[in-house]
Amino acid sequence: MTDPLELELPVDGGTLRVLRFGTGPRTAVAAHGITASGMSFRALARHLHPDWSLFALDLRGRGGSADAPGPYGFDAHAADLCAAAERWGDGAPVAVTGQSMGACVALRAAARRPELFDRLLMIDGGLPMPLEEGADPDALLDASMGPILARLSRTFESDEAYVDLFRTHPALGPEWNDDIEAFVRYDITGPAGARRSRAQEGPVRLDGRALLTSAPALAEDLARLAVPAMLLHAPRGLTGAEPGMLSGALVAHWTARTPRLTAEAVPDCNHYTILMGPRAKTVADRLVGMA
């Protein structure tokens, strides 16, 4: 597969990096997970029909947009996604998709600016998950994302040392492939002997807190959806083991309450490999096939 074309998207306060995959006239825009980048859509893009082009943003504070200033949070990222739809949609509604946190961003964009989109595909994310009463979101953030946040502050002697960290990841190592490796290598920056992730800890912390506290707003987004929407969810989670990020009960709860939303469990994948493994073809087929 050829490397994506690297584009710039002017936004409030600066510019964002956008990766364009494909050259077809049909347009999709995409938002990635909390510490990821647009390169996480490489496998999906390879399976898209030649009529399509996928514009995958590097969100503020990540990838080639690591130095882009705030604000962060779902509203800001959704506005950036809408700006991409306006810039590359040629005046017609486009498809919007997102994975994990990016699914929340894509949902927010579709709910707030429905005239820009003709479909929404959420990939293992996007559903409201309310905090337990009295829970401390900052303590929960440290407990749930501690190892991820620690990685963002680490440096590595070489690119290979950084890649090796991901090769030992229980959800990635057993299913390692060229798409995962390209994704990991795209994330590397820094001087020789002190290589590190492009993702910035500050924006990740702010967006992680938003993930924990935005259930009411996401519920409102689902209620106002005016475009066809589909959720694809994985049976295995962040460590590659069951259960998945989204329980069957949670999926059933929100699909029953959201007339425009359907859902499908994608077999034999985890939170990451639903997008970067063999099941990426299923994701691409659903994106193209939605009415």
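Which side chain meets that of D75 in a salt bridge? The views below, taken from a predicted model, start there.

**View 1. D75 and R108 join two helices.** The partner is R108: its side chain and that of D75 meet in a salt bridge, at 2.6 Å from N to O. Look at where the two sit: D75 belongs to helix 2 and R108 to helix 3, and this pair links distant parts of the chain, 33 residues apart. Their surroundings are worth a look too. D75 is partly exposed, with a relative accessible area of 46%. R108 counts as buried because its relative accessibility is 5%, and buried means under 20%.

**View 2. R113 and E86 form another salt bridge.** Here the side chains of R113 and E86 meet at 3.1 Å, N to O. R113 lies in the loop between helix 3 and strand 6, while E86 is in helix 2, so the pair ties together parts that are 27 residues apart in sequence. R113 is partly exposed, at a relative accessible area of 27%. E86 also counts as partly exposed, with 46% relative accessibility.

**View 3. E175 and R236 tie two loops together.** The closest N and O atoms of this salt bridge are 3.0 Å apart. E175 lies in the loop between helix 5 (159-167) and helix 6 (178-186), and R236 in the loop between strand 9 and helix 9, so the pair ties together parts that are 61 residues apart in sequence. Is R236 buried or exposed? R236 is buried, with a relative accessible area of 18%. E175, at 25% relative accessibility, counts as partly exposed.

View 4. Follow the strands across in the order 1-2-4-3-5-6-9-10, and note that the pairing is mixed. Strand 1 (5-11) and strand 10 are the edge strands, each pairing on one side only. On average, neighbouring strands of this sheet are turned by 25 degrees against each other, direction ignored. Now zoom in on strand 2 (residues 14-21) and strand 4 (residues 52-57): they run antiparallel and are joined by four bridges. L19 stands opposite A56 in strand 4.

**View 5. Two helices lie across the strands.** Helix 2 (residues 74-88) lies across several strands, including strand 1, strand 2 and strand 3 (26-31), and runs at about 115 degrees to strand 1. Which strands does helix 3 (residues 101-112) lie across? They are strand 3, strand 5 and strand 6, and helix 3 runs at about 150 degrees to strand 5.

**View 6. Helix 9 has a buried face.** The buried residues of helix 9 (residues 248-257) are L250, V251 and W254. Why do they line one face of the helix? Seen down the axis of helix 9, these buried residues fall within an arc of 95 degrees, so they line one face. What covers the buried residues includes helix 8 (215-223), strand 9 (229-233) and strand 10 (261-265).

Terms used: Residues are numbered from 1 along each chain as its sequence is written. This is a predicted model: local features need pLDDT of at least 70, side-chain atom pairs count only at pLDDT 80 or more; totals for chains, interfaces and linings use all residues. Side-chain values use heavy atoms; hydrogens and water are left out. Buried means under 20% relative accessible area, exposed over 50%, partly exposed in between (1.4 Å probe, protein chains only). The arc is that of the directions from the helix axis to the C-beta atoms. Contact means heavy atoms within 4.5 Å. Two strands pair if DSSP finds at least two bridges between them. Axes are lines fitted to C-alpha atoms, for helices over the stretch in contact, and angles run from 0 to 180 degrees between N-to-C directions. A salt bridge is a side-chain nitrogen of Lys or Arg within 4 Å of a carboxyl oxygen of Asp or Glu.
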